[in-house]
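This briefing concerns a predicted model. Please examine the sequence and the structure before reading the points that follow.

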Amino acid sequence: MKLEQLRGSLAYQGFLLGGTALLTTAALALAARATDADIHAAEARDMKQSFAVVLTGQYDNDLLKDTLTLNGPNGEVTVYRARKAGQVEALVYKVSGNGYAGAVDCIMGIDRTGKITGVRVIKHRETPGLGDKIEAAKSRWIFAFEGKYLGDPPADKWGVKKDGGVFDQFAGATITPRGVVKAVKGGLEFFEKNRAQLLDGSAPLGGATHE
Amino acid sequence: MSNQYARISRESLWDNNIVFAQILGMCPTMAVTSSATNGLGMGLATTAVLLASNMIISAIRNIVSEEVRIPVYIVIIATLVTLVDVSINAWAHDLYKVLGLYIALIVANCAVLGRAEAFAAKNPVLPSGMDGLMMGLGFTFALTTIGAVREIIGAGTLFADAHLLLGQAFSFMELKIIPDYKGFLLMILPPGGFLVLGFLIAAKRVIDRNRAQRAVVAATPAAEPVAS
């Protein structure tokens, strides 16, 4: 049979669509395999860079492999532990707040005394020029958290100035910084609540609790 | 033959430009053109997809039947976009952090399907590839221009962060056009995209009309001897 005749038949349409789906899926599967390792490596590199930014001091372990998973205020929290000679010196974990346009994801570092060593926003969708001053690249605002802990300022002062707290809001954007302050405060409360477990370095190095 | 390619190039880059003439692909156009670098990156990614999709669709144009061509094209285009997406994520990760959200938008760019239907399905592989390449470059030109205008007026810079897209060697492109600029937020926000696009389309119309008038004027004296 000629291709022209065959092309009109009903079965041909099915085989054509099926064949297309098969070939494209195969191409995607191959591409996923070929890029998987590189994507993971790149993401791990990103994580390490953000660890370096929110932590101070020197550590001698691989944070990515030394994790602890605990129940936090919004579901499970993966905590990365920074050690020096086996002792947990600092912790890094993600906290998330509600901004003006959805979730604002932050990463925060905290030392064993409960003091914040650094906070960075890693993902947000706030209004450019207004809410995006929470980015370290746009404004110094996020650095105000460094050295703070629950008690300095006192718990009722952990808010933006408009709410009677100590942290600045931005002209034209209160919701965004309020969300970030609340998220960081939540992170500190999480530390206080789980302090003993977090600082107990007895779990084997290499992160048995982490997949 | 080369005449045909010249015509394709002129059509794609200017006369029938995806953005300025066909007014297609508005979704990515509005979303990414807050800076010239983003526009350039999105344009180049779209060009890669257009080139590949046009060539593949042209190569299989005799096998694909009329009835199911649209789903076949869409699946091929979506696959190519995903391939571009994972490749950028794996091998140009810094760029992915800037553009990642928007790469998937290329599927929603009706210009890609439009070129498949209007050109690739009816022409041989090489002209189809040329059409895809040139349409893509026309799109890149449009996005970069809109991005540049919005960035200069909105933030006072031009090609900020270009090194993320093109490598450190191109950091010389990063210019601060207006020093100590406070910024003009409207231009960075979506309304700025519509405003700039509107003015640029108007400007293209004015240029085209002036060219047409000049062509008429130039043609008139030559026409007279023939008439007399």
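In this predicted model, Thr37(B), Asn38(B), Leu95(B), Val98(B), Asp161(B), Leu164(B) and Leu165(B) form the lining of the largest cavity. The structure holds one cavity of 30 Å³ or more.

**The cavity**

- The space in the largest cavity is about 30 Å³.
- Two or more lining residues are contributed by each of three elements of chain B: helix H3 (36-59), helix H5 (93-103) and helix H8 (162-166).

**The nonpolar cores**

- The largest nonpolar core has 49 residues, and the members that touch the most others are Val19(B), Phe20(B), Ile103(B) and Ile106(B).
- Helix H4 (residues 69-91) of chain B supplies the largest share of this core, namely eight residues.
- Apart from this core lies another, of 33 residues, which includes Val104(A), Phe145(A), Ala173(A) and Leu199(A).
- When neighbours within four places in sequence are left aside, Val19(B) is in contact with Leu24(B), Met26(B), Thr29(B), Phe139(B), Ala142(B), Leu143(B), Ile146(B), Leu197(B) and Ile201(B).

**Arg7(B)**

- Arg7(B) is part of helix H1 (residues 2-15) of chain B.
- From C-alpha to C-alpha, Arg7(B) and Ile76(B) are 27 Å apart in space, and they are 69 residues apart in sequence.

Conventions: Residues numbered from 1 in each chain as written. Chains lettered and ligands numbered in written order. Predicted model: local features only at pLDDT ≥ 70, side-chain atom pairs only at ≥ 80, totals over all residues. Heavy atoms only, no water. Core = buried A, V, L, I, M, F, W, Y, C linked by side-chain atoms within 4.5 Å. Buried < 20%, exposed > 50% of the residue type's maximum accessible area, 1.4 Å probe, protein only. Helix = DSSP H or I, 4+ residues; strand = E, 2+ residues; numbered from the N terminus. Contact = heavy atoms within 4.5 Å. 1 Å grid on protein atoms, 1.4 Å probe; cavity = no way out; pocket = protein on both sides within 12 Å on 5 of 7 lines; lining within 4 Å. Points joined across faces, edges and corners; volume = space filled by probe spheres on them.
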